[in-house]
Amino acid sequence: MSDSVRAVQIRDCVLGGQELVVMAGPCSIESRAQIFQAAEVVAASGGRFLRGGAFKVRTSPTAFQGLGWDGWKLLREAADAHGLLTVSEVLDEEQIEGARRYVDVAQIGSRNMQNVPLLRALGRSRLPVLLKRGFGCTIDEWIHAAEYVLREGNDAVVMCERGIRTFETATRFTLDVAAVPIAKARLGLPVVVDPSHAAGKRDWVESLTLSGVACGADGLLIETHPDPAQALSDGPQAVALSDFPALVAKARRVAEALGRAIPLREPAAA
Ligand code: PEP
Ligand code: MN
């Protein structure tokens, strides 16, 4: 399937090639210790990107809103220390210029997928974009959102299926695995699967991860935390860091069965 996709290069990492790119880290950057611990385990497991939100969109305005710019500084430091790239949500146009220093891929959150001014601004910025699917949006609407970014001249767009809202309540959202081959075929862009927000509960993250790989995902975006019970956001769906290497190892076996790879890399020089 990957041959029908135009690869997107982000620094030294290619999405949509043979490598299946693992992006992982906590939902929110909470402290130096937390993000550095995550970076160490993500890198040692074969991850390429460290994820972590600094500007959080929460359902309740009283919930933890993230560390803001201080969070992004920590994300960059931890990623650099372990040879990782960074992915983090950019909430509005004003953040884009500043984000360049800290964020290698700007995540557009599910709730912002149809924020046309933000899509256009990121298109003009040429900052690589990870476009999450709106949880109430069709594949067509998601593809049109990508076109807003592309039309401004930014070709570095990676799609992310993160689950949609259905009548089902056993999971937080319903992972639409069909969206992976459909978006790849229709748009010719790499697609990443986020099993964490779809599952909503860590028990189901592994199965959804493997199903995403089997459906041809070019990458995975997984939430992992040193101590999920203490996480300030999305703790129930976070895989403990201690369980993360085994999860990636399973994904690697499925990927390899399909001719893809999740290579292990040399540790970054200390
Ligand atoms: C996230 O990645 O932490 C996040 C908020 O995702 P989404 O926009 O898919 O809900
Ligand atoms: Mn989250």
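Guide: Buried means under 20% relative accessible area, exposed over 50% and partly exposed in between, judged with a 1.4 Å probe on protein chains only. The buried residues of helix H8 (residues 205–214) are Val205, Leu208, Thr209, Leu210, Gly212 and Val213. The model is predicted, with pLDDT of at least 70 needed for local features and 80 or more for side-chain atom pairs, while totals for chains, interfaces and linings use all residues. Residues are numbered from 1 along each chain as its sequence is written, chains are lettered from A and ligands numbered from 1 in the order in which they are written, and side-chain values use heavy atoms, without hydrogens and water.

Visitor: What do the buried residues of H8 pack against?

Guide: They pack against strand E9 (191–193), helix H7 (195–199), strand E10, strand E11 (239–240) and helix H9 (244–257), where contact means heavy atoms within 4.5 Å. Just after H8, Gly216 takes a positive phi of about 95°.

Visitor: How do you know whether Cys27 is buried or exposed, and what is the case for Glu223?

Guide: Cys27 has 6% relative accessibility and therefore counts as buried. Glu223 is also buried, because its relative accessible area is 1%.

Visitor: Why are helices H5 and H6 called oblique to each other?

Guide: The axes of H5 (residues 139–151) and H6 (residues 179–187) cross at roughly 45° and come within 11 Å. An axis is a line fitted to C-alpha atoms, for helices over the stretch in contact, and angles run from 0 to 180 degrees between N-to-C directions. Under 35 degrees counts as roughly parallel, over 145 as roughly antiparallel, 65 to 115 as roughly perpendicular and the rest as oblique, and H5 and H6 are therefore oblique. Their crossing is right-handed, a word used if the near helix is turned clockwise from the far one by less than a right angle, with left-handed for anticlockwise. On the H5 side the contact includes Trp142, Ile143 and Leu150, and on the H6 side Ile182 and Arg186 are among the residues.

Visitor: How do the residues of the contact of H5 with H6 divide?

Guide: They divide into nine nonpolar, no polar and two charged, where Ala, Val, Leu, Ile, Met, Phe, Trp, Tyr, Cys and Pro count as nonpolar, Asp, Glu, Lys and Arg as charged, and the others, Gly among them, as polar.

Visitor: Why are H4 and H5 oblique to each other?

Guide: H4 and H5 pack at an angle of about 40°, with their axes 7 Å apart, and they are therefore oblique. Val116, Leu119, Arg120 and Gly123 in H4 meet Ala145, Tyr148 and Val149 in H5. By class, this contact has five nonpolar, one polar and one charged residues.

Visitor: What is said of the phi of Arg11 and of Arg126?

Guide: Most residues other than glycine have a negative phi. Arg11, in the loop between strand E1 (8–10) and strand E2 (13–15), has a positive phi near 50°, and Arg126, in the loop between helix H4 (116–125) and strand E7 (129–132), has a positive phi near 65°. Arg11 counts as exposed because its relative accessibility is 54%, whereas Arg126, with a relative accessible area of 48%, is partly exposed.

Visitor: How do you know whether Ser242 is buried or exposed?

Guide: Ser242 lies in the loop between E11 and H9, and its relative accessible area is 64%, so Ser242 is exposed.

How values were computed
Helix = DSSP H or I, 4+ residues; strand = E, 2+ residues; numbered from the N terminus.
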